[in-house]
Amino acid sequence: MRFIDEVKITIQSGKGGDGCVSFRREKFIPFGGPDGGDGGDGGNVYFVADKSLNTLVHFRGKKLYKANDGGQGAGRQKHGKSGEDALIAVPVGTILKNLETGELIADLVEDKEKVLVAEGGRGGLGNVNFKTSTNQAPRKSTPGKECQVFEIGLELKLLADIALIGQPNAGKSTLISRISAARPKVADYPFTTLEPNLGVVTLGEDSFVVADIPGLIEDASQGKGLGIKFLKHIERTSALVHLVDCSWCLNEFEAFESYVTIKQELFNFSENISKKNEIVCLTKTDAMTEEEILKFQNFFEKELDKKILTISSVSGKNIDKLKALMLKTVKEEKTHE
Ligand SMILES: Nc1nc2c(ncn2[C@@H]2O[C@H](COP(=O)(O)OP(=O)(O)OP(=O)(O)O)[C@@H](O)[C@H]2O)c(=O)[nH]1
Ligand SMILES: [Mg+2]
C-alpha cells in the first residue's frame with residue numbers, strides 16, 4: 001500500500017566572494033601596505049528531516065534551491081560576508097540521490113536529521129595575504145571558489161495517514177478521487193477496488209496521504225472478502241474515515257448495523273485498530289432527502305455520542321469540512337507520536 005512520491009530539484013551552493021586588492025591610504029602614511037580583505041565563503045545547502053511534513057508536494061513548482069553567495073572582501077582588511085545557507089525541509093523517510101552520479105546521498109530517517117549536500121565555495125584571498133619581504137605592494141588577490149550545482153532526486157515512500165474504510169460500494173473510491181489526484185475505478189457494484197489506492201490531499205500549505213481500502217464485510221477478519229489482506233496496513237495510519245452509505249437503508253437501525261459490523265471486524269482483527277481515531281461520515285446524501293439525512297445523523301450521533309459528518313462526493317457537500325477535519329486529526333496524532 002505504499003507508493004512513491006518523487007521529485008527532481010536543482011540545488012546550488014553559494015559562490016565564494018572574491019578577495020580584494022586595496023592599499024591603505026591615510027594621512028601621514030604615504031605608503032600604507034596592502035589591506036584588501038578576503039571574500040566570504042558561499043553558503044552551504046543542507047537537507048533536514050521534518051516530521052511535520054508528509055509528502056513532497058511542497059516541491060512542486062519550485063525547481064531551484066540556492067544558498068547565497070559570499071560577499072566580496074573590501075579595503076581595511078574587511079572580510080566579505082558569508083553567504084547564508086539554504087536549509088531544505090523534507091519529510092522523515094526521504095531518500096536523496098545525486099542524479100548526475102546516481103549516488104545515494106542520504107536516507108533521512110530521523111526527525112531533525114540534517115545532512116550537508118552541497119558545500120559553498122571558499123572565499124578568495126585579499127592582497128593582504130600576499131605581502132612578502134620582496135613584494136610590499138602585491139596587486140594579487142584570488143577569486144572566490146565556484147559553487148556546486150547539481151540535480152537531486154528526492155524519493156519518499158508514502159505511508160497513508162488516513163484510511164478510508166467502509167462496506168463495499170460505500171463510495172470510498174469516489175471520495176478519494178474527489179479529494180486527491182488519485183483516479184481509481186469507481187463502479188456500482190461491490191468489490192470494485194481490489195488493491196488499495198493512495199492519494200495525496202493538499203490543503204493550503206499542508207498535505208497528507210489517504211488510502212482507499214477495498215470494502216470490508218462481515219467476517220473480513222476471518223479472511224472473507226478482500227479486506228483482511230489490507231487491514232494490517234491500516235494499523236500504521238493515524239486515523240480512519242469510516243464511510244456509511246445510508247442511501248439504500250430502509251431505516252436508521254439497518255444503517256447502524258452495517259456500521260457496527262465493520263467496527264466489530266476491526267475489533268476482531270486488532271484492538272489497536274479499533275481504538276484509532278475515527279471520523280464517521282454518512283455518504284451519498286445527494287441521494288437522500290433532508291429529512292432522512294437528519295434522521296440518520298441524529299441516530300448515529302446519539303449512539304456514538306459524537307458529531308457525524310454528512311457528505312456527498314457528487315454534490316461536494318461538506319467535502320471541504322471533511323478535508324479540514326482530516327488534516328486536524330493527522331496533525332493531532334503526529335504531535336502525540
Ligand atoms: N449519488 C451518489 N453516488 C455515489 C456517491 N459516491 C459514490 N457513489 C456511487 O456509488 C457507487 C460505488 O462507489 P465507489 O466509489 O466505487 O465505492 P467503493 O466504496 O470504492 O466500493 P468498493 O471498491 O467496491 O469497496 C458508484 O456507482 C458511485 O458512482 C455520492 O456521493 N452520491
Ligand atoms: Mg472502491
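Helices and strands here are DSSP runs, numbered from the N terminus. The model is a predicted one.

**Stop one: Ser22.** Select Ser22, which sits in the loop connecting β1 (3–12) with β2 (45–50). Is Ser22 buried or exposed? Its relative accessibility is 16%, so Ser22 counts as buried, the cut-off for that being under 20%. Now show the side chain of Asp35: a polar contact of 2.5 Å links it to the side chain of Ser22. Leaving aside residues up to four places away in sequence, Ser22 touches Gly33, Pro34, Asp35, Gly36, Gly75, Arg76 and Asn127.

**Stop two: ligand 1.** Select ligand 1 and the 21 residues around it; Lys172, Thr174, Phe191, Thr193 and Asp286 come nearest. Which polar atoms should be picked out? At Phe191, a polar backbone atom lies 2.7 Å from an oxygen atom of the ligand. At Lys284, an N or O atom of the side chain is 3.0 Å from an oxygen atom of ligand 1. At Asp286, a side-chain N or O atom is 2.7 Å from a nitrogen atom of ligand 1. Ligand 1 taken alone exposes 650 Å², and the protein buries 87% of that.

**Stop three: helix α6.** Select residues 319–336, the 18 residues of α6. At 1.5 Å a residue they should span 26 Å, and the end C-alpha atoms are 26 Å apart, which agrees. Colour the buried residues: Ile319, Leu322, Lys323, Met326, Leu327, Thr329, Val330 and Lys334. They cover an arc of only 165° around the axis, so they lie on the same side of α6. Turn to the other side of α6 to find Asp320, Lys321, Thr335 and His336, which are exposed.

Note on methods:
Residues are numbered from 1 along each chain as its sequence is written. Chains are lettered from A and ligands numbered from 1 in the order in which they are written. This is a predicted model: local features need pLDDT of at least 70, side-chain atom pairs count only at pLDDT 80 or more; totals for chains, interfaces and linings use all residues. Side-chain values use heavy atoms; hydrogens and water are left out. Helices (H or I, at least four residues) and strands (E, at least two) are DSSP runs, numbered from the N terminus. The expected span of a helix is 1.5 Å times one less than its number of residues. Buried means under 20% relative accessible area, exposed over 50%, partly exposed in between (1.4 Å probe, protein chains only). The arc is that of the directions from the helix axis to the C-beta atoms. A residue is near a molecule or strand if one of its heavy atoms lies within 4 Å of it. A polar contact is a pair of N or O atoms within 3.5 Å; within protein, one must be able to donate a hydrogen and the other to accept it, and residues adjacent in sequence count only if both atoms are side-chain atoms. Accessible areas come from the Shrake-Rupley method with a 1.4 Å probe; for residues, only the protein chains shown count as cover. Contact means heavy atoms within 4.5 Å.
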